[in-house]
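These are my notebook entries on a structure that I looked up today. The sequence and the model are placed below for reference.

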Amino acid sequence: MHHFWLIPALPLAGFLINGIAGRRFSKTAVNVVAIGSVLLSFLWTVKTILGLLPLESAHVEQYFTWFESDTMFGHGLRIGFDLAVDRLTAVMLMVVTGIGLLIHIYAIGYMWHEGGYYRFFAYMNLFMFFMLILVLGANFLVLFVGWEGVGLCSYLLIGFYFLKKSASDAGKKAFIVNRIGDFGFSLGMFLIVVNFGSLDFAKVFPTVAQLPAEQGFGALTLIGLLLLVGACGKSAQIPLYVWLPDAMEGPTPVSALIHAATMVTAGVYMTARASVIYLHAPIAMEAVAWVGLATAIFSASIGLVQNDIKRVFAYSTVSQLGYMFLGVGVGAFSAGIFHLVTHAFFKALLFLGAGSVIHALGGEQDLRHMGGLRKSAPVTFLTLLAAALAISGFPFTSGFFSKDEILVAAYHHSPALFWVGVITAGMTAFYVFRAIFLTFFGAYRGHHHPHESPPVILLPLVALGVLSLAGGFLNVPGFLEPVFGRQEGGHDPSLVFIATASGLAGIAIAWLFYVARPGLPDALARQFGRAYRLLYDKYRIDEVYDALIVKPVVNGSRDLLWRGADVGLIDGTANGIGSVSRSVGGVLRYLQSGSITSYAAWVLFGSILAILAITVLGGAR
Amino acid sequence: MTSLTAVPLSWYLTLSVILFVLGVTGFVIRRNLITAFMCIELMLNGVNLSFVAFSYELKQVDGHIYSFFVMVVAAAEAAVGLAIILAVFRSRQTLLSDEVNSMKL
């Protein structure tokens, strides 16, 4: 036994201690509990993985049987609370606990002056618990527990400033949109149970591996598509991406940890985990690739014109998640996970850096009111620059390696995918550097006096900056070979060159627009006013969903279910019975006069009636 | 014996109906509780008369037995009823039934 359970149990303990007693703790005590539990979890992860190496196959630890049935679809069904560690899980564990630890440290500085300090850290620890359950689960149901749990924490933390209406609305939106995805995921799980009689990865995947690849549309394709629906919800892919940009209402460390580095990548992890199913369902696999590609370019184009620094990065996250799905969808599972890892580095850094800027400017998030911060916040500037270079695929940064692996794999699948991916890479570089230039270059356009953040904020920035620059040299795809097998397709220098050139071009255009010729973007926006408005309004997708889905549901609920069924039918029946009884009783109560003579008269009348009835009906014979 | 048999059954029954209807009418129209009480006795005796007449006509003893039971019940009722009437009079100083029309004391 390596006691995998300790890895999630430690943050859970932190959650319980801070959640129950944190109100009475000093902030330092809250810090010790929250950061200490994540630190111990991180150390235990490292110890576990080192102890398990070389980790050629999955290690499963079975703790207890959750439930079992002898007669489920002809098979016996046993679902246990089992945790497993293989190389894929090891990578995810390192990302979650490592980046989680850095962001917890950062949050000390960022949240210090906020109300509900202990509550924030309790939720963060709870999130760590569920996320670790998600990646450690050895069957779909344990994974689903974590999956739902991180959704809950996401809701709680997006709505952390619950007195603000937009924040609580955003929390609800995230929760409800995720329900749609989870519905698909649940159906996928049911189909797996029906077809394979188990939810254990160790039983389902070997069974699937022995089946021939489906040519048409069969059970595996349906399972793959339903799991994709779940992944689309959690990982903010078209058509369910709408919740993620709004999720930026939460505190910035939450955006970095949950809505950039870890939770939103759960869909990619799950898809990669179910790689065997997708490899045997080509239609579902193709759908994954196209959903990813469409999301990547769609949200990148929205990101081009947004003015809120966190929203720019939010659309960037959606877009980069699309990249990961593209990688997974063209069969480059290890490249997809590699990009997940490097993205966790540089996107967490982008958000934390943005948080540092927001902190430096006293809460300002609008790029139009920033500028010239490179002198007053030099460390933030340098680390954010590192992240921006990495996401743009600048040579030898982490994003360069992972993005190129995906694009090369996409090219081998279909050149069209590659070219759209290259355009997206250029757009990505453009909008990220647009944010960098607007924040750090030119003249300061705000009012608050800018100051550099304290060391507790800068330390995680520097650590993530180093990882963003050097993380590409981690051989994640090589490490994952035992899980996904060797991926074909060697490095093609010309493809790499094209992709890199696209990123550099994006940086150059951003430089031209926002440093060299600052009047140009406004002129272009006027020139292409209609297209600009469309992008600025995010293609008005929220409005379309509102008109097509939200309004009919709200109106139907109000008019049909509330006023029709509830008030009309149910209340009407109950009240109707009551009022009929009242009116009948209102007449009958005159019989109860209290006068003995009238009672006697009634008795007489009744007896006469009875005798008449018996006589007429011939009862007395 | 023959003199008795000369009276036909229908006469007894007619007398019984007259007694009963007198009782009912008195019970309904008179308001004095003691009068109402005596009307009840009248009804019971009207019924008793029909029992006895049938019993004699059919040469069976059942009707006699029934009439004894009715008399016993009537005696018991007289005891209880008079006690109630006394109690009512003590608390309300009246014996008019329409002034005793509320269930509470």
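**Entry 1: a histidine**

In which helix of chain A does A:His359 lie? I located A:His359 in helix α15, residues 333-360 of chain A. Helices (H or I, at least four residues) and strands (E, at least two) are DSSP runs, numbered from the N terminus. I note that the model is predicted, that local features need pLDDT of at least 70 and side-chain atom pairs pLDDT 80 or more, while totals for chains, interfaces and linings use all residues. Residues are numbered from 1 along each chain as its sequence is written, and chains are lettered from A and ligands numbered from 1 in the order in which they are written.

The cut-offs are 20 or more other C-beta atoms within 10 Å for buried, 12 or fewer for exposed, and partly exposed in between, with C-beta atoms placed from the backbone. Leaving aside neighbours within four places in sequence, I found A:His359 in contact with A:Tyr110, A:Ser453 and A:Ile457; contact requires C-beta atoms, placed from the backbone, to lie within 7 Å. A:Lys27 is 332 residues from A:His359 along the chain, and their C-alpha atoms are separated by 19 Å.

**Entry 2: an isoleucine**

I found A:Ile180 in helix α6, residues 165-196 of chain A. A:Ile180 has 16 C-beta neighbours inside 10 Å and therefore counts as partly exposed. Not counting residues up to four places away in sequence, A:Ile180 touches A:Gly233 and A:Leu240. I also looked up A:Arg582, 402 residues from A:Ile180 along the chain, and the C-alpha atoms of the two are separated by 47 Å.

**Entry 3: helix packing around α4(A)**

Helix α3 (residues 87-111) and helix α4 (residues 117-136) of chain A pack at about 175 degrees, with their axes 10 Å apart. Axes are lines fitted to C-alpha atoms, for helices over the stretch in contact, and angles run from 0 to 180 degrees between N-to-C directions. I therefore record α3(A) and α4(A) as roughly antiparallel; angles over 145 degrees count as such, under 35 as roughly parallel, 65 to 115 as roughly perpendicular and the rest as oblique. The residues of this contact divide into 13 nonpolar, 3 polar and no charged. In this scheme Ala, Val, Leu, Ile, Met, Phe, Trp, Tyr, Cys and Pro are nonpolar, Asp, Glu, Lys and Arg charged, and the others, Gly among them, polar.

Helix α2 (residues 27-52) of chain A packs with α4(A) at about 10 degrees, the axes being 10 Å apart. I therefore record α2(A) and α4(A) as roughly parallel. The contact includes A:Lys27 and A:Val30 of α2(A) and A:Tyr117 and A:Met128 of α4(A). By class, its residues are 8 nonpolar, 3 polar and 1 charged.

I noted 27 helices and 2 strands in chain A. Of the 621 residues in chain A, 50% are buried. In helix α26 (residues 541-588) of chain A I found a kink of about 40 degrees centred on A:Gly572; the bend at a residue is the angle between axes fitted to the seven residues ending there and the seven starting there. The count of buried residues among the 48 of α26(A) is 0.

Finally, I recorded that 9 residues of chain B are in contact with 8 residues of chain A. The chain B side has 4 nonpolar, 3 polar and 2 charged residues. The model scores ipTM 0.78 and pTM 0.80.

Conventions. Two residues are in contact if their C-beta atoms, placed from the backbone, lie within 7 Å.
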